[in-house]
Amino acid sequence: MGGWWDGAGEAVGFRLVHRLEISDLITAVDPHTGDRLPVRRDEVIRRLRANGDEHAAKIVAGLPTDQDGVLDPRAVDRLLISVHTELQRLSEELRIGERLLHLLGPLFTAIRATGGQSGPYRLVDVGCGLGYLIRWLAATNALGADVELVGVDLDAALVGEAEQLARAEGLDCRFVHGNAFDLPQAATVYVSTGVLHHFRGPALGEFFQAQAASPAQAFCHFDIAATRLAPIGAWIFHRARMRHPLGRHDGVVSAERAHSDETLLSAAAAPGIRPLLYEPRGAANPFCTTLRPIIGVRPHLEAPLRRALGRAERRLVGPEHLAEAAR
Ligand SMILES: C[S@@+](CC[C@H](N)C(=O)[O-])C[C@H]1O[C@@H](n2cnc3c(N)ncnc32)[C@H](O)[C@@H]1O
């Protein structure tokens with residue numbers, strides 16, 4: 001599955017080029033083996049400058065290297081763990097757990113009701129970072145005992161920290177270092193938070209196609225809503241809540257890179273998947289809807305999911321009703 005995580009491989013063009021996230025550039029792993037690859041600081045600085053981001057280049061210039069100019073992997077890990085810890089506070093404030101549960105509860109009700117796949121079920125959080133979502137679901141036992149909770153991340157340091165936190169909290173969940181799509185056991189449902197905008201160009205479609213081609217019944221991926229307010233909202237939020245300049249920088253760049261509703265619905269329309277967007281732009285209050293999910297279900301699950309959602313099903317929109325919802 002090489003090339004999916006290609007935030008670092010973005011082409012540079014004229015004006016429309018998005019800034020790059022520093023955290024995508026300062027670590028590198030072989031997507032097949034999971035092995036850490038050395039990253040040269042001057043190469044990261046060169047790429048950021050070529051992208052017109054002098055501020056980001058200055059942040060990276062302050063990171064320690066060895067005598068060959070390779071970024072110190074331990075210092076990078078410590079930095080990313082601390083930035084993700086601050087990110088977890090944002091997830092708490094934005095009530096990401098509750099918002100995911102609002103959809104996942106009805107989704108598992110629909111899966112259980114249709115009986116196509118018997119339990120136990122498996123929920124896989126793709127790019128779980130410090131595993132906040134999985135740990136929250138385990139702590140609340142909100143999905144029921146028949147749902148196994150698994151967090152997966154390509155970054156060994158983040159997922160190692162997630163595992164330690166889960167053990168310290170005595171939680172019934174597990175964390176795996178590796179590619180979420182190379183697990184020996186298939187997921188019933190894939191979820192993620194804050195991951196989609198990292199996949200650019202064809203990599204976004206490939207991300208959804210891999211899930212469509214797996215035995216999974218559904219996916220539900222939350223990411224920043226691409227509203228006009230998103231970059232300024234992200235700036236205020238990250239300024240107020242994050243201390244490290246890297247976290248502040250990447251938070252704003254994430255909002256700038258957020259995919260539009262149209263892009264997500266079209267990329268998620270993989271074979272055997274009914275793509276649906278919850279709270280699309282126009283149907284949502286941009287002051288409240290900071291993150292919204294793109295959902296994909298096997299077609300037979302749409303009707304039972306809508307029934308299980310009750311009145312909230314009106315907020316679930318397919319590609320054919322997107323324009324209408326925006327009016
Ligand atoms: C911005 S972080 C988001 C972390 C977390 N979801 C959160 O909200 O705090 C994105 C993470 O996705 C991971 N990632 C990207 N593609 C992945 C894949 N195919 N399998 C596992 N992890 C992946 C990266 O290693 C990175 O740590």
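This is a predicted model: local features need pLDDT of at least 70, side-chain atom pairs count only at pLDDT 80 or more; totals for chains, interfaces and linings use all residues.
Eight strands make up an open sheet with mixed pairing, and I read their order as β3-β2-β1-β4-β5-β7-β6-β8. Its edge strands are β3 (174-177) and β8 (316-317), each of which pairs on one side only.

I then looked up the pairing of β5 (residues 218-224) with β7 (residues 291-297): the sense is antiparallel, over seven bridges.

Next I turned to the nonpolar cores. The largest has 41 residues, and L104, L123, L149 and V189 have the most contacts inside it. Helix α5 (residues 96-114) gives the largest share of this core, eight residues. A second, separate core holds 30 residues, including V150, V195, L204 and A270. I also listed the contacts of V189, leaving out residues up to four places away in sequence; among them are L104, L107, F108 and I111, as well as A218 and F219.

My last entry concerns helix α7 (residues 156-168). Its 13 residues reach 18 Å from first C-alpha to last, close to the 18 Å expected at 1.5 Å a residue. At the start of α7, I found a side-chain oxygen of D155 within 3.0 Å of the backbone nitrogen of A157. A157, L158, V159, A162 and A166 are buried, and their cover includes α4 (73-93), α6 (132-140), β2 (147-153) and β3. Just after α7, G170 takes a positive phi of about 65 degrees.

How values were computed: Residues are numbered from 1 along each chain as its sequence is written. Side-chain values use heavy atoms; hydrogens and water are left out. A nonpolar core is a set of buried Ala, Val, Leu, Ile, Met, Phe, Trp, Tyr and Cys residues joined through side-chain atoms within 4.5 Å. Buried means under 20% relative accessible area, exposed over 50%, partly exposed in between (1.4 Å probe, protein chains only). Helices (H or I, at least four residues) and strands (E, at least two) are DSSP runs, numbered from the N terminus. Contact means heavy atoms within 4.5 Å. Two strands pair if DSSP finds at least two bridges between them. The expected span of a helix is 1.5 Å times one less than its number of residues. A polar contact is a pair of N or O atoms within 3.5 Å; within protein, one must be able to donate a hydrogen and the other to accept it, and residues adjacent in sequence count only if both atoms are side-chain atoms.
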